[in-house]
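Please keep the sequence and the model open while reading.

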Amino acid sequence: MSEPPPWLRRLVVLGMGYTGTRFVQRLRALGVDCVGTTRTPDPSDASRRRFDGGTPIDADLLAALANADAVLGSMPPEANGDPALPMLADALASNDRLRWLGYLSSTGVYADRQGGIVDALSIADGSDDAARSRLRAEAHWQALAHRRGIACGVFRLAGLYGPGRNALRQLADGEARHVVKPGLVFNRIHVEDACDALIASLWHTRTPDAIYLLADGVPAPPQDVLAFAAGLSGLPLPPAEPYDAARASPARRRFYGASKRIDPRQTQEALHWRPRHADYRQGLDALWQAGEGRGVSSV
């Protein structure tokens, strides 16, 4: 589905980051009244309320939550889970209109599979702090949906890319690193495909504990993606460097420490959704055609 269901008139996004902002843009273009929260408010957009889990709760935000038909959570988790829900639960509990909840999570909740397959039936067995925080946040959203008896989709995203965040831009900006770790593979998902899946969930999610894997169907090593981007742009590849765990940051160790192949077929069937960019080649080619990495912004 490319349009929202007729019952959706008001949406609140808690955390208008890379995906949340584009989701709101898509729905606003289709006539949905959207309000979002951000750590850095935009003076030109009064619908972007400041909220980072540590600031006083805005009365307008509470009013928006009390009248929302759908709420998407996209704030980074803290050690105890989602930082927003404990403070906003009362407003959500009093909302009789609420029909759908969503939470943007990560395939990082799965431990390293050494190149093995993860599908919708796989156990989320990530044991590092980031994975545990994600899983606690997922559980918070599902628990709220169970209490309310409404639909909730947890969206575990693979490596996210799109305008402004991709190998073409990294090469053009001189920020690309050609790090090689033998055996490392993972999937990706174009941000517009992720938004398509979110819209599809508004139609098709019926249970409070739906889990969706948002990924393309072609896991690949990061150096292959960088090489393809270099071939499109004509820019040189940076010198290859071996992965050095001892010198890597915790975030980089997580990134390079988990090799897995995501099988998204169950998600595609459940949501009646197919990514428009079936693999990183199609996604990067579309971005290149839009001017990405050529001094033309496609954001």
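Is Pro 208 buried or exposed in this model? The model is a predicted one, and in it Pro 208 has a relative accessibility of 18%, which is under the 20% limit, so this proline counts as buried. Pro 208 sits in the loop between H6 and E11, and, when its neighbours within four places in sequence are left aside, it is in contact with Gln 142, Ala 145, His 146, Ile 150, Ala 151 and Cys 152. The C-alpha atom of Pro 208 is separated by 16 Å from that of Ala 120, a residue 88 positions apart from it along the chain.

Asp 216 is placed in the loop between E11 and H7, and with a relative accessible area of 2% it is buried. Not counting residues up to four places away in sequence, Asp 216 touches Asn 187, Arg 188, Ile 189, Ile 262, Pro 264, His 277, Ala 278, Asp 279 and Tyr 280. Between the C-alpha atoms of Asp 216 and Glu 3, which are 213 residues apart along the chain, the separation is 22 Å.

In soluble globular proteins, nonpolar side chains tend to be buried together. In this model the largest nonpolar core has 30 residues, and those that touch the most other members are Leu 8, Leu 11, Phe 23, Leu 27, Trp 100, Phe 155 and Leu 214. At least two residues of this core come from each of strand E1 (10-14), helix H1 (18-29), strand E4 (70-73), strand E5 (100-106), strand E7 (151-157), helix H6 (191-204) and strand E11 (210-214). Among these elements, H6 gives the most to the core, with 7 residues.

**Helix pairs**

Two packed helices are described by the angle between their axes and the distance between the axes.

| Helix pair | Angle | Distance between axes |
|---|---|---|
| H3 (residues 85-93) and H4 (residues 129-148) | about 20° | 12 Å |
| H7 (residues 222-233) and H10 (residues 280-289) | about 35° | 10 Å |
| H2 (residues 59-66) and H3 | about 45° | 7 Å |

With its angle of about 45°, H2 is oblique to H3, and the crossing of these two helices is right-handed. Leu 61, Leu 62, Leu 65 and Ala 66 of H2 make this contact with Leu 88, Ala 91 and Leu 92 of H3. By class, the contact of H2 with H3 has 7 nonpolar residues, with no polar and no charged ones.

How are H3 and H4 oriented to each other? Their angle is about 20°, and H3 and H4 are therefore roughly parallel to each other, while H3 passes H4 in a right-handed crossing. From H3 the contact takes Leu 85, Leu 92 and Ala 93, and from H4 it takes His 140, Trp 141, Leu 144 and Arg 148. These residues divide into 5 nonpolar, 1 polar and 1 charged.

For H7 and H10 the crossing is right-handed, and the contact is made by Asp 224, Val 225, Phe 228, Ala 229, Leu 232 and Ser 233 of H7 together with Tyr 280, Arg 281, Leu 284, Asp 285 and Trp 288 of H10. By class, the contact of H7 with H10 is made up of 7 nonpolar, 1 polar and 3 charged residues.

**Backbone angles in two loops**

Most residues other than glycine have a negative phi. Gln 114, in the loop between E5 and strand E6 (116-118), has a positive phi, near 50°, and with a relative accessible area of 72% this glutamine is exposed. His 272 likewise has a positive phi of about 50° although it is not a glycine; its place is in the loop between helix H9 (265-271) and H10, and His 272 is exposed, with a relative accessible area of 56%.

Key. Residues numbered from 1 in each chain as written. Predicted model: local features only at pLDDT ≥ 70, side-chain atom pairs only at ≥ 80, totals over all residues. Heavy atoms only, no water. Core = buried A, V, L, I, M, F, W, Y, C linked by side-chain atoms within 4.5 Å. Buried < 20%, exposed > 50% of the residue type's maximum accessible area, 1.4 Å probe, protein only. Helix = DSSP H or I, 4+ residues; strand = E, 2+ residues; numbered from the N terminus. Axes fitted to C-alpha atoms, helices over the stretch in contact; angles between N-to-C directions. Parallel < 35°, antiparallel > 145°, perpendicular 65-115°, else oblique. Left-handed = near helix turned anticlockwise from the far one by under 90°. Contact = heavy atoms within 4.5 Å. Nonpolar A, V, L, I, M, F, W, Y, C, P; charged D, E, K, R; others polar.
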